[in-house]
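Take a look at the sequence and structure below. This report walks through some strands, charges and rings.

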Amino acid sequence: MAGQEQTYLYDMSEGDAQMRSLLGGKGANLAEMKRLGIPVPDGFTVSTAACIATMESGGEWPDNLWEDVLSSLERLEERTGRSLGGDAEGRNPLLLSVRSGAVVSMPGMMDTILNLGIGDDTVEALAAEADNPRFAWDSYRRFLQMYGEVVEGVAPHAYEDELTALKSRRGVEQDTELTTEDLRELVETFKDVSRRELGRDLPTDPRDQLKGAISAVFDSWDTPRARVYRRANDIPDDLGTAVNVMQMVFGNRGDTSATGVCFTRNPSTGGKELYGEFLLNAQGEDVVAGIRTPKSLAEMEQVLPEAYEQLLQTMRDLEAHYKDMQDIEFTVEDGTLYLLQTRNGKRTAAAALRVARDMVSEGVLTQEEALERVEPSQLDQLLHPAIDPEHGKEPLVKGLPASPGAAVGEIVFDADTAAQRGGAGDPVVLVRYETTPDDIHGVIVAQGVLTAHGGMTSHAAVVARGMGKPCVAGASGIRINTAEKTLTVGDRTFSEGDQITLDGSTGEVYGEALELVPPQINEDFEAIVTWADEVRRLGVRANADTGEDAAKARELGAEGIGLCRTEHMFMASDRLPAVRRMILADTEEERAAALEEILPMQQEDFEAIFTAMTGLPVTVRLLDPPLHEFLPDLVEQSLLVQRLELTDGDAEELASARTLLAQVKRLHEQNPMLGTRGCRLAMLYPEIPEMQTRAIVRAALAVREREGETAGVEIMIPLVAYAAELKAQREVVERAVAEELEGAGAQLDVTVGTMIELPRAAVVADQIAEHADFFSFGTNDLTQTGIGISRDDAEGGFLGAYVRDEVIPHNPFESIDRDGVGGLVRIGAERGRSTKPELKLGVCGEHGGDPASIGLFEELGLSYVSCSPYRVPIARFSAARAVLSQREGAEVRTDG
């Protein structure tokens, strides 16, 4: 081993499974298999550290890395009794495979070079040694093509076209039907292709080829496809890849040789059954590339019985050792089995849950270990209908995967039509530039929502997730003509009534109706989430605004409602006229009369929610949005007045329209998100929170009288920045509660808290806590105000580029900004509890359903998270994973 301070090279005998970060997954597992006595080809690994150092120096290898490679190669030659390039007469040639090996499995994303070391000087020696000239020349033509494509950048079709032409001239279909002479001719043709494409010959010195191959594998870490894969799977870009240099074993040495891939369980269903494919007389790339149709693994018993039995035993041993389903690549050379790779197998969501549950039943895993074998995203997949994966269609356009699941329906362009047609039972997809609260009635009955604008936490996304409806947001490639009711993508135009399919899990939109497969919530799902409940510390509540949503949340395991928004109740068509009368009132008496009309409607809403949540806490947020949101759009109202004026419209209608326009102008704000909303509005109009409080108390008492039990009532004051605001609003709430209870001759525990959604509130949380029974961090607005960005504008603008260019690791509205916004949550939690040590702390932003964010909330010791109903099982599961992660981290620190 070279004596540099940094060790870059490891012989296979020096590694084990714990060295994944240095040897990559493939190298670590090969070393582990060798340690276990499983037959693997000999070799060495160039570590991830070498790749990282090379990337950091702009592609220049670290000092002495090449000398280390040559030293490792020399030791490999001694162990095998062979030499790269053969001896002086070209005999006993050592052929190598050079394969990538990322720390986290990235199947097919990076490059491989096989048969390195074959050339004009060694091909005949290889042919004589194997007594199989065809095998030798087949290996040579494969090397030329692979090296030319991967290392030198020759377009693949340049070689494939020549191979296809030769098979056509010979009248054969398969590569295996080409003769030795055909392959000799193909080798010369491939040399000519390389010369023509590169303007020079391919290098012939095998050591130069080895250096080029290692560099090519390093480079493949940063290819566009690898970057896209890492981004999609949340794999860091700075891990690098190892390079595994191994002695070639040949599955193409004739009919006693083969190559294949197998899983220790069925990766589609999770069933404990034989699953795999193999090809006789082939190399590994043939199976993966689909060049030939492979045979079922069961057929291997007939043609290679000894290797087959050895493979089955090895599969059992590896699964028992790794305690997980394994994905194995193998080669049989002249009847002898070699394993080229084992890794934890990729599997469907349904399979992941079944494997975890079965392994607990088999005594292989504990319940806690099983929880670590399942990803939160897999639970998410099972909670929503999905497109049949065998559809084979190309997407029309792609937007943001704002709410998972799939939907098929006829296009409609406005909420009224959606409500009418959807209410009549027609499957419709609501297509909008962006949805607004006014569209809620259409969203409720639509199969899914597609918007041209908006982001992952836009109105459309939040509402759709809350209802468990698929949503693709921000599909900027679509053009909507609402007047003509058309949707255009490229050169295709769709009219209202045409069918489309949305995949809210990927953001893809298809211009036709595709088959859907139903959600797969089964006993495996229930078992896994129940195990999670036994481990987690964080409570899990739901964000729900209707009795239906609350009932669904409880069904999915919610332990209460962490956020009941009341603005949607104000938007309902039967109460909007009264709300507008309240806004337009000239006197307190007029305003009070309008509010008195709204109160029983609000009470009815709360009764439905409290009935669904009897015995569990419900946090009701008092009115949050500014009043202008309940009025017509300023531009639309101005145009209406102008039209009535120009057409001599009805005088009474014109007067009413002008009055409304004046109010809209009076309430119009340049930045309403930071304007007169939340507690600021309530300070101006205390009769609004008073009315809402009365409706809440009356609803709770009515439910208790009817059901014998009611929900726990928690009233939340929004947008507090100053302790004085909360103090004043608490007095309004408590006075209304006391009056209602005295009038009813009843008792009811009502707690009052606030939403922490402004940086100032977090910083002065110790002052605010003097007047609060609980805090709930509204991380959606805290992200906007903490970072200083408008959510929809940023997601439709620069955020995508920021993530792509690695300015930030992820969209902060999808997963919390740990250092910035997370730091504000930390400050708010610590300072709030410095005043009241037992202060209940929750999170009610969309981050409450994000697994990574839940990990932070567990670290901070918060009391509960609240999320959309359909994300409750994911939150329950993620809260348990967060506990296990914390425990593992503590053990590492103790050991260290």
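Cys 262 stands opposite Ile 328 in strand 11. This is a predicted model. Another facing pair is Thr 259 and Thr 331, the latter in strand 11. Strand 8 covers residues 258-263, and strand 11 covers residues 326-333; the two pair in the antiparallel sense over 6 bridges.

Strand 8 also pairs with strand 9, residues 275-280. That pairing is antiparallel too and runs over 6 bridges. Here Ala 258 has Leu 280 in strand 9 as its bridge partner. Strand 8 is mostly covered, with 5 of its 6 residues buried.

What order do the strands of the open sheet take? The order is 10-9-8-11-12, which makes 5 strands with antiparallel pairing. The edge strands are strand 10 (295-296) and strand 12 (336-344), and each pairs on one side only. Strands of a sheet pair through backbone hydrogen bonds, either parallel or antiparallel.

Now to the charges. The count comes to 68 salt bridges. Three of them are set out here.

| Arg 170 | Asp 182 | 2.6 Å |

Start with the salt bridge of Asp 182 and Arg 170. The pair links distant parts of the chain, 12 residues apart. Asp 182 lies in helix 7 (residues 180-198), while Arg 170 lies in helix 6 (residues 156-170). Asp 182 has a relative accessible area of 6%, so Asp 182 is buried. Arg 170 is at 35%, so Arg 170 counts as partly exposed.

Lys 191 and Glu 188 both lie in helix 7. They are 3 residues apart, about one turn of the helix. Is each end buried or partly exposed? Lys 191 counts as buried because its relative accessibility is 16%. Glu 188, at 41%, counts as partly exposed.

Lys 485 is partly exposed, with a relative accessible area of 29%. Elsewhere, salt bridges that share partners join Glu 567, Arg 621, Asp 624, Arg 677, Glu 757 and Asp 781 into one network.

Arg 134 sits in helix 5 (residues 133-150). Arg 134 is buried yet has no salt bridge. Its nearest side chain of opposite charge is Asp 138, 4.4 Å away. Beyond its neighbours within four places in sequence, Arg 134 has contacts that include Asp 175, Glu 177 and Leu 183.

Arg 575 lies in the loop between helix 21 (567-571) and helix 22 (576-584). Its relative accessibility is 6%, so Arg 575 counts as buried. With neighbours within four places left aside, Arg 575 is in contact with Met 569, Phe 570, Met 601, Gln 602 and Asp 605. Gln 602 is 27 residues from Arg 575 along the chain, and their C-alpha atoms are separated by 9.3 Å.

Finally, the rings. There are 9 aromatic pairs by count. Ring pairs link Trp 61, Trp 66 and Phe 218 into a cluster. The ring of Trp 61 also has the charged end of Lys 211 over it, 5.5 Å from the ring centre. The charged end of Arg 541 sits over the ring of Tyr 864, 4.0 Å from its centre.

Definitions and conventions: Residues are numbered from 1 along each chain as its sequence is written. This is a predicted model: local features need pLDDT of at least 70, side-chain atom pairs count only at pLDDT 80 or more; totals for chains, interfaces and linings use all residues. Side-chain values use heavy atoms; hydrogens and water are left out. Rings of Phe, Tyr and Trp (its six-membered ring) pair if their centres lie within 6.5 Å; planes under 30 degrees apart count as stacked, over 60 as edge-to-face and the rest as tilted. A charge sits over a ring if NZ of Lys or CZ of Arg is within 6 Å of the ring centre and within 35 degrees of the ring normal. Helices (H or I, at least four residues) and strands (E, at least two) are DSSP runs, numbered from the N terminus. Buried means under 20% relative accessible area, exposed over 50%, partly exposed in between (1.4 Å probe, protein chains only). Lys and Arg count as positive and Asp and Glu as negative; His and the chain ends are not counted. A salt bridge is a side-chain nitrogen of Lys or Arg within 4 Å of a carboxyl oxygen of Asp or Glu. Contact means heavy atoms within 4.5 Å. Two strands pair if DSSP finds at least two bridges between them.
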